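Thanks for making the time this morning.

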Amino acid sequence: MSNDLFYILIISNVFSALALYLCAKRLLKFRRRQKRSFTFKSYPIQKCQLEDVHPCFIQDQLGPSPNSTVYFIGGEGVEASLSDRETWVVAALAKFSKRIFEFGTCSGKTSHIMAMNAPKEGRVYTLTIHPSQLEQLSFENNDDRLHENIAKEEAKFDIFYYSDLSTSEKIEQIFSDSKQFDESKFKNSFDLILIDGAHTRSYIMSDSKKAFSMLKKGGVILWHDYKPEAPDVFSYLNDLSSEMPLRHISGTDFVIFQRTS
Ligand SMILES: C[S@@+](CC[C@H](N)C(=O)[O-])C[C@H]1O[C@@H](n2cnc3c(N)ncnc32)[C@H](O)[C@@H]1O
């Protein structure tokens with residue numbers, strides 16, 4: 001090999017290595033900004049299928065069991081709505097839940113659906129901040145600013161989907177900032193808890209801590225918006241999954257925890 005060829009080979013290898021190094025550095029910086037953990041699996045929490053969530057979702061060769069039949073309204077035109085598959089999941093779980101708690105009411109469509117499907121004696125407690133209570137909000141420095149603003153923008157409802165409907169008899173509306181809400185009188189009392197309030201780190205931590213203390217043995221917590229676009233929810237749940245058995249429900253942005261003891 002001539003000397004020239006040898007030097008060209010060396011120089012091109014050095015440039016390739018440098019380009020690779022710069023690409024990897026940019027990728028890691030991007031992932032850090034997204035607050036994603038340093039794993040290249042895009043959704044680190046283990047996935048589960050609907051039939052692992054509740055036996056009512058077990059399928060035979062013709063499709064899902066009739067036990068998964070629910071009262072249902074699609075999410076068309078509803079602000080910050082769950083997807084239709086997510087609505088099916090909460091509605092079906094509500095059928096087997098006497099006491100339900102929701103962090104974040106928004107339009108109240110999901111509260112209505114859960115109340116429609118809950119047993120006759122069932123009760124749905126739904127907590128949201130009233131438009132006149134915005135000064136109660138207490139975000140922290142490391143909270144995601146985008147979702148801080150979204151939480152404020154969505155705090156505009158004081159009339160809800162269920163307000164003039166018979167489901168209002170099964171629903172207890174609580175107006176409060178969720179950090180100020182005193183959960184102590186609800187210890188170990190809920191079968192189903194949906195966490196869908198402010199999507200910032202300090203709030204998701206506070207809401208989750210309260211949810212764990214209010215959850216009954218055998219009960220279920222669902223967190224909504226497990227996705228990189230809600231980085232504080234995503235990173236909090238990824239961290240929590242190293243301490244407890246969380247699962248990501250396939251085809252949804254739900255993460256589920258089932259309390260067994
Ligand atoms: C994503 S929406 C909830 C959607 C609702 N669960 C549904 O399925 O239709 C979030 C709601 O949480 C409320 N919220 C945001 N921050 C809150 C806080 N700190 N305390 C109580 N509610 C809060 C917002 O006002 C908004 O109504």
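By a salt bridge I mean a side-chain nitrogen of Lys or Arg within 4 Å of a carboxyl oxygen of Asp or Glu. With that in mind, please remember that we are looking at a predicted model, in which R123 and E172 join their side chains in a salt bridge, at 3.8 Å from N to O. This pair ties together distant parts of the chain, since R123 sits in strand β5 and E172 in strand β6, 49 residues apart. R123 is partly exposed at 27% relative accessibility, and E172 is likewise partly exposed, at 34%.

Across the whole structure, a search finds ten salt bridges.

How close do the N and O atoms of D225 and K227 come in their salt bridge? The closest ones are 3.3 Å apart, and while D225 counts as buried at 11% relative accessibility, K227 counts as partly exposed at 23%. There is also a network of salt bridges, which links R145, E148 and K152.

Let me finish with helix α7, residues 231-240, which is mostly covered, with nine of its ten residues buried. Those buried residues, including F234, Y236 and L237, pack against helices α5 and α6 and against strands β8 and β10.

Note on methods: Residues numbered from 1 in each chain as written. Predicted model: local features only at pLDDT ≥ 70, side-chain atom pairs only at ≥ 80, totals over all residues. Heavy atoms only, no water. Buried < 20%, exposed > 50% of the residue type's maximum accessible area, 1.4 Å probe, protein only. Helix = DSSP H or I, 4+ residues; strand = E, 2+ residues; numbered from the N terminus. Contact = heavy atoms within 4.5 Å.
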